[in-house]
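Biologist: Could you walk me through this chain, starting with its overall make-up?

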Amino acid sequence: MLIGIPPILGPDLLRSLRAMGHGDEVALVDGNYPAESHAQRLLRADGHGILALLDAILQVLPLDTATPAAIFRAAEGNDPARQGRIHAEIDALCRSRRPGFAVLPLSGEALYPRIRAAHTIVATSEPALFANVILRKGVVPPPEAH
């Protein structure tokens with residue numbers, strides 16, 4: 001256990017988040033996603049849903065401010081104009097944890113290649129369909145000189 005680190009973030013996930021560089025992406029995918037066949041690096045978060053994991057990661061991962069979007073998600077039926085209950089919950093959580101960062105819904109054509117290219121895919125046990133989220137890592141600025 002560590003002070004200030006959500007306990008849902010295990011050592012392998014923390015290592016992967018730390019190893020990512022600016023612009024690298026981590027994909028959190030639902031229990032139906034073919035994570036093993038799509039991942040460059042696969043981490044399992046069996047027994048955990050997407051919202052709990054997303055909440056914990058947003059507490060420690062800097063998001064990219066140098067691009068128009070740093071949070072992406074799937075959409076109901078792969079149609080960015082459609083939103084299911086899980087998507088509303090994802091959007092609300094991101095607004096709460098990271099005000100000022102919009103969540104960009106993607107079509108399946110845009111989302112799935114992006115997940116395949118992610119630095120790490122985290123396979124959850126989320127039962128909701130189309131419950132996939134991608135976070136783009138930003139930078140931690142150096143401390144100001146005194």
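Biologist: How many helices and strands does the chain have?

Modeller: The chain has 5 helices and 6 strands, where helices (H or I, at least four residues) and strands (E, at least two) are DSSP runs numbered from the N terminus. Along the sequence they follow the pattern α-β-α-β-α-β-α-β-α-β-β. This is a predicted model, in which local features need pLDDT of at least 70 and side-chain atom pairs count only at pLDDT 80 or more, while totals for chains, interfaces and linings use all residues. Residues are numbered from 1 along each chain as its sequence is written, and side-chain values use heavy atoms, with hydrogens and water left out.

Biologist: Okay, and what share of the residues is buried?

Modeller: Of the 146 residues in the chain, 44% are buried, meaning under 20% relative accessible area, whereas exposed means over 50% and partly exposed lies in between (1.4 Å probe, protein chains only).

Biologist: Switching to helix α4, which of its residues are buried?

Modeller: They are I86, H87, I90, D91, L93 and C94. Seen down the axis of α4, these buried residues fall within an arc of 165°, so they line one face of the helix; the arc is that of the directions from the helix axis to the C-beta atoms.

Biologist: And what sits on the face turned away from that buried side?

Modeller: That face of α4 carries the exposed residues R85, R95 and S96.

Biologist: Then what covers the buried ones?

Modeller: The cover includes α3 (50–58), β3 (71–73), β4 (103–105) and β6 (133–136), with contact meaning heavy atoms within 4.5 Å.
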